Amino acid sequence: MRTAVLLALIVLFPVFVHAADAPTLVTYTISHDTIYPTATAESGLATTTAIDIAFSEQVKVSIKILSASGTLIKSLYTSPSVTNPTPKIWDGASAALGTYTVLISATSTASGVVMTDSSRTITIA
């Protein structure tokens with residue numbers, strides 16, 4: 001009897017489970033895709049770059065700079081709860097010439113759903 005009642009409830013009143021959406025980047029800009037850390041001010045070349053991000057909701061976030069092989073070069077920023085942090089500056093001073101991946105990792109503080117973005121790079125020339 002209990003089984004029949006449970007089956008009837010499941011059929012008559014199905015429960016729809018909606019997975020929480022991942023937080024999204026609503027702003028993501030890098031001021032200079034190529035920087036020249038050893039350039040002089042007179043050269044007019046960019047010696048730093050600003051990474052500006054904003055999210056659709058409160059997130060625990062980190063911004064990391066990775067080498068081409070995936071090695072962590074710089075942990076640029078972490079926050080336990082933020083939506084729109086101030087732009088973060090990277091000067092590339094301790095990195096060799098080459099192309100570096102910017103890794104954005106964010107976890108929703110409400111749902112725990114994680115998003116990552118590694119679609120952007122910065123070149124040090």
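Two strands are taken to pair if DSSP finds at least two bridges between them; strands (E, at least two residues) are DSSP runs numbered from the N terminus.

The model shown is predicted: local features need pLDDT of at least 70, side-chain atom pairs count only at pLDDT 80 or more, and totals for chains, interfaces and linings use all residues. Residues are numbered from 1 along each chain as its sequence is written, and side-chain values use heavy atoms, with hydrogens and water left out.

**View A. The three-stranded open sheet has the order 1-3-6 and antiparallel pairing.** Strand 1 (25-30) and strand 6 (88-90) stand at the edges with a single partner strand each, so one side of each lacks a neighbour in the sheet. Three bridges join strand 3 (residues 49-55) to strand 6 in the antiparallel sense. Ile-51 lies opposite Lys-88 of strand 6.

**View B. Five strands form an open, mixed sheet in the order 2-8-7-4-5.** Its edges are strand 2 (34-35) and strand 5 (72-82); each has a single partner strand, so one side of each is left without a neighbour in the sheet. Strand 4 (residues 59-66) runs antiparallel to strand 5, joined to it by seven bridges. Val-61 has Ser-79 of strand 5 as its bridge partner.

**View C. The largest nonpolar core has 23 residues.** Such a core is a set of buried Ala, Val, Leu, Ile, Met, Phe, Trp, Tyr and Cys residues joined through side-chain atoms within 4.5 Å, where buried means under 20% relative accessible area (1.4 Å probe, protein chains only). Ile-51, Val-61, Trp-90 and Val-102 have the most contacts inside this core.

How values were computed. Helices (H or I, at least four residues) and strands (E, at least two) are DSSP runs, numbered from the N terminus. Buried means under 20% relative accessible area, exposed over 50%, partly exposed in between (1.4 Å probe, protein chains only).
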